[in-house]
Amino acid sequence: MADFANLQLANDNGVLTITINRAEKLNALNIATIEELREAFQDIYDNPEVKSVIITGAGEKAFVAGADISEISELNEMNGRKFSENGQEVFEMIEKCHKPVLAAVNGFALGGGCELAMSCHMRIATPNAKFGQPEVNLGIIPGYGGTQRLTQLIGKGKALELMMTADFIGAEEAKNLGLVNHIAESQEELMTLANSILHKINSKAPLAIGMVIDSVNAYYAGEENGYQTEANSFAACCKSEDFKEGTKAFLEKRAAEFKGE
C-alpha cells in the first residue's frame with residue numbers, strides 16, 4: 001500500500017488497522033484525508049493480504065471530530081454538491097466492502113466522523129466516546145450519508161431529534177440505541193476487542209462473509225429485492241469450494257480451512 005500523509009496503516013495477520021492521523025486537528029476529515037481513504041479502500045478491495053479492517057483515530061480524544069470547517073466555510077451551492085457526493089462515494093465504498101470494516105471509536109465521533117463510523121459494518125467504543133450530527137449549528141445538514149444511515153441504525157424519531165437539536169450522545173446511550181455494538185473500558189481494550197472480533201470473523205468463509213454484507217445492505221437499497229439478493233448469494237455460496245470444505249469439515253468434526261474460493 002502507498003504511504004499516506006493523514007493515515008497510518010498496520011496489518012496484523014490480515015486485520016488492517018487504519019488510523020486517521022491528524023490528532024492536532026482532532027482527526028478532522030479534510031478533502032485530502034477523504035481521498036486517502038478512497039485510495040486505501042481501492043487497494044483493500046483486491047488485496048489478498050487484507051481480510052478485514054479497523055478504522056480508528058489517533059490520540060485519546062477523538063475518533064474523528066468532524067469535517068474540516070475551514071474547507072466547509074468556502075463551499076457554495078455548486079461545489080457543495082460535489083463535496084457531499086464525493087464523501088458519499090467514499091463512505092459507500094466502505095459500506096459495500098466485502099471485507100468486514102469495524103469502527104473503533106475512541107472519543108468524539110461528530111459530523112463526518114459519525115458518518116464515517118456509521119459507514120462501517122460495526123462500531124465499538126470507549127466510555128468517553130461521543131456521537132452526534134451537529135451540522136445544523138453551521139447552517140448545513142449531514143452530507144456524507146448521515147441523514148440516511150443514522151435513521152437506518154436508530155430509527156426516524158431519534159435520528160431527527162439528534163440531527164435537529166445537534167445534541168451529542170455518549171457511548172452507553174449509543175449502545176442502547178443500537179448505534180454501538182460493544183463498549184470497551186479503555187483504548188487498549190478497545191483495540192484488543194476490535195482485533196478479537198475481526199480475527200474471529202476472519203476464520204469464517206470469506207465469500208460467505210462478503211455475501212452476508214451484500215444481503216444486509218440490500219435490505220436498505222430501495223432498488224433491490226433483499227430476499228432475491230439473499231437467494232442469489234446463497235446459490236453462489238453453494239457452488240464455492242469453501243462450501244464443500246465447510247460441510248466436509250463439519251461432518252469430519254474438524255476445523256474448516258477456508259480459502260475464499
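Reader: Let's start with a helix. Which residues of H1 are buried?

Author: Thr33, Ile34, Glu36, Leu37, Arg38, Ala40, Phe41 and Ile44 are the buried ones in H1. Buried means under 20% relative accessible area, exposed over 50%, and partly exposed in between, with a 1.4 Å probe and protein chains only. The general idea for reading such a list is that an α-helix has 3.6 residues a turn, so residues three or four places apart point the same way. Before we go on, this is a predicted model, in which local features need pLDDT of at least 70 and side-chain atom pairs count only at pLDDT 80 or more, while totals for chains, interfaces and linings use all residues. Residues are numbered from 1 along each chain as its sequence is written, and side-chain values use heavy atoms, leaving out hydrogens and water.

Reader: What covers the buried residues of H1?

Author: Here you need contacts, meaning heavy atoms within 4.5 Å. The cover over the buried residues of H1 includes strands E1 (7-12), E2 (15-20), E3 (52-57) and E5 (101-105), along with helices H3 (77-95) and H4 (112-119). The labels follow DSSP runs numbered from the N terminus: helices are H or I with at least four residues, strands are E with at least two.

Reader: What span is expected for H1, and what does it reach?

Author: Take 1.5 Å times one less than the number of residues in a helix as its expected span. H1 (residues 31-46) has 16 residues and reaches 24 Å from first to last C-alpha, close to the expected 22 Å. Helix H9 (residues 206-220) has 15 residues and should span 21 Å; its end C-alpha atoms lie 22 Å apart, which agrees.

Reader: How many residues of H4 are buried?

Author: Eight of its eight, which makes H4 mostly covered. They are Gly112, Gly113, Cys114, Glu115, Leu116, Ala117, Met118 and Ser119.

Reader: Back to H9: what do its buried residues pack against?

Author: They pack against H3, helix H8 (187-202) and H10. The buried set of H9 is Ile209, Gly210, Met211, Ile213, Ser215, Asn217 and Ala218. You can look at the H10 side through Ser233, which lies in helix H10 (residues 226-238). Ser233 has a relative accessible area of 11%, so it is buried. Beyond four places in sequence, Ser233 touches Met211 and Ser215.

Reader: Is Leu207 buried, partly exposed or exposed, and why?

Author: Leu207, also in helix H9, is partly exposed because its relative accessible area is 33%. Neighbours within four places aside, Leu207 is in contact with Ser240, Asp242, Gly260 and Glu261.

Reader: Which residues does Gly57 touch?

Author: Gly57 lies in strand E3, and with 3% relative accessibility it counts as buried. Residues up to four places away not counted, Gly57 touches Thr19, Ile20, Asn27, Ala62, Phe63, Asn106 and Gln187. The C-alpha atoms of Gly57 and Leu26 are 8.3 Å apart, though 31 residues separate them along the chain.

Reader: Asn27 is on that list. What is its phi?

Author: The general idea first: most residues other than glycine have a negative phi. Asn27 has phi near 60 degrees, a positive value. Asn27 sits in the loop between E2 and H1 and, at 0% relative accessibility, counts as buried. Asn13 also has a positive phi, near 55 degrees. Asn13 is in the loop between E1 and E2, and it is exposed, with a relative accessible area of 64%.

Reader: Now the whole chain. How many helices and strands does it have?

Author: The protein chain has 11 helices and 10 strands. Its radius of gyration is 19 Å, close to the 18 Å from the globule rule for 261 residues, so the chain is as compact as a globular protein of that length. That radius is taken over C-alpha atoms, and the rule is 2.2 Å times the number of residues to the power 0.38. Buried residues make up 46% of the 261 residues. Of the contacts with a separation of 6 or more, 68% join residues 24 or more positions apart.

Reader: How far apart are the mean positions of the positive and negative charges?

Author: They are 6 Å apart, for 23 positive and 37 negative charges. Lys and Arg count as positive, Asp and Glu as negative, while His and the chain ends are not counted. Each charge is placed at NZ of Lys, CZ of Arg, CG of Asp or CD of Glu.
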